[in-house]
Amino acid sequence: MPTRVVTRTPDRRVPSQRGLQTRQKLMDATIELLATKSYRDIKVLDIAQAVGTSPATFYQYFPDIEGVVLEASRLLVKETNTALDSFEDGSWSSDGLSGATRLVDAVLDGWSDHLPVMRVLTAVAAERDPRFVKAYFAATRPIVRALTAAAPNAEGKELAHALVSSLTGAAGHENAGSLQGLSKRQRRRGLARLVHAAVTTADA
């Protein structure tokens, strides 16, 4: 799905309608490349050629490839907040494993159109780039809120952050048909059991 974000150019100009279309094409091409290539192997020239334009045009709209990813992460954050809005009071945990399954599905389904962006955010945030750390925490904050609402004590907060790491790691393998003999559905069930067990333990 195309990443729809409207913002200013690096020099703070508001692009024209035609400029917005070009900018959108550059973003979409970048995300498509991220789905098949390592983030560090992608060059601005690759993106420009995919759109049929020049690197100079790319730099009219983005400062660098990192800028595209960070811009795309804004929509990721918005959609994650929307997907988890109904989970943030913690009531999902009263449904046991069924509630945990719904939470896991909401997270991973919400990220399904943004997996390349999520993978890059996770990897570069781990290198402590402050821009990506901020974007990573913005994308995962709704999950932390949902989990800590279900288990608000100190132990629950520790478990919430561990579970977020598990979910972001799982997102990186969502498109794998089978992984170590497990289907995507089975991997999600395992995560749901982990979430359920963690919340139950924290409440004990």
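The model is a predicted one, where local features need pLDDT of at least 70 and side-chain atom pairs count only at pLDDT 80 or more, while totals for chains, interfaces and linings use all residues. Residues are numbered from 1 along each chain as its sequence is written, and side-chain values use heavy atoms, leaving out hydrogens and water.

In soluble globular proteins, nonpolar side chains tend to be buried together. Here the largest nonpolar core has 59 residues, and those with the most contacts inside it are W92, L103, W111, L121 and V195. Helix α7 gives the most to this core, with eleven residues. A core here is a set of buried Ala, Val, Leu, Ile, Met, Phe, Trp, Tyr and Cys residues joined through side-chain atoms within 4.5 Å. Buried means under 20% relative accessible area, exposed means over 50%, and partly exposed is in between (1.4 Å probe, protein chains only). Helices (H or I, at least four residues) and strands (E, at least two) are DSSP runs, numbered from the N terminus.

Take V195: leaving out residues up to four places away in sequence, V195 touches W92, A100, L103, V104, L147 and L163. Contact means heavy atoms within 4.5 Å.

Over on α7 sits I143, buried at 0% relative accessibility. Beyond four places in sequence, I143 is in contact with L84, V107, W111, V164 and L167. The C-alpha atoms of I143 and N81 are 8.7 Å apart, although 62 residues separate the two along the chain. T148 is also in α7, which spans residues 130–150. T148 is buried too, with a relative accessible area of 18%, and its contacts outside four places in sequence are G156, K157 and A160.

**The cavity**

There is one cavity of 30 Å³ or more, and the largest cavity holds about 40 Å³ of space. On a 1 Å grid over the protein atoms alone, a cavity is a set of points where a 1.4 Å probe fits but cannot get out, and lining residues have an atom within 4 Å of a point. Points are joined across faces, edges and corners, and the volume is the space filled by probe spheres set on them.

The lining consists of L147, A151, G156, L159, A160, L163, A198, V199 and A202. Two or more lining residues come from each of α8 (154–171) and α9 (184–203), with α8 giving the most, four residues.

**The aromatic rings**

The whole structure has three aromatic pairs.

| Pair | Type | Centre to centre | Angle between planes |
|---|---|---|---|
| F58 and Y59 | edge-to-face | 5.4 Å | 90 degrees |
| F58 and F62 | tilted | 5.6 Å | 40 degrees |

Rings of Phe, Tyr and Trp (its six-membered ring) pair if their centres lie within 6.5 Å; planes under 30 degrees apart count as stacked, over 60 as edge-to-face and the rest as tilted. F58, Y59 and F62 form one aromatic cluster. Both F58 and F62 are buried, whereas Y59 is partly exposed at 45% relative accessibility.

**Two positive phi values**

Most residues other than glycine have a negative phi. R128, not a glycine, has a positive phi of about 70 degrees. R128 is in the loop between α6 (115–126) and α7, and is exposed at 60% relative accessible area. Q180 has a positive phi as well, near 55 degrees. Q180 belongs to the loop between β1 (178–179) and β2 (182–183), and is exposed at 81%.

Terms used
On a 1 Å grid over the protein atoms alone, a cavity is a set of points where a 1.4 Å probe fits but cannot get out, and a pocket is an open set with protein on both sides within 12 Å along at least five of seven lines; lining residues have an atom within 4 Å of a point.
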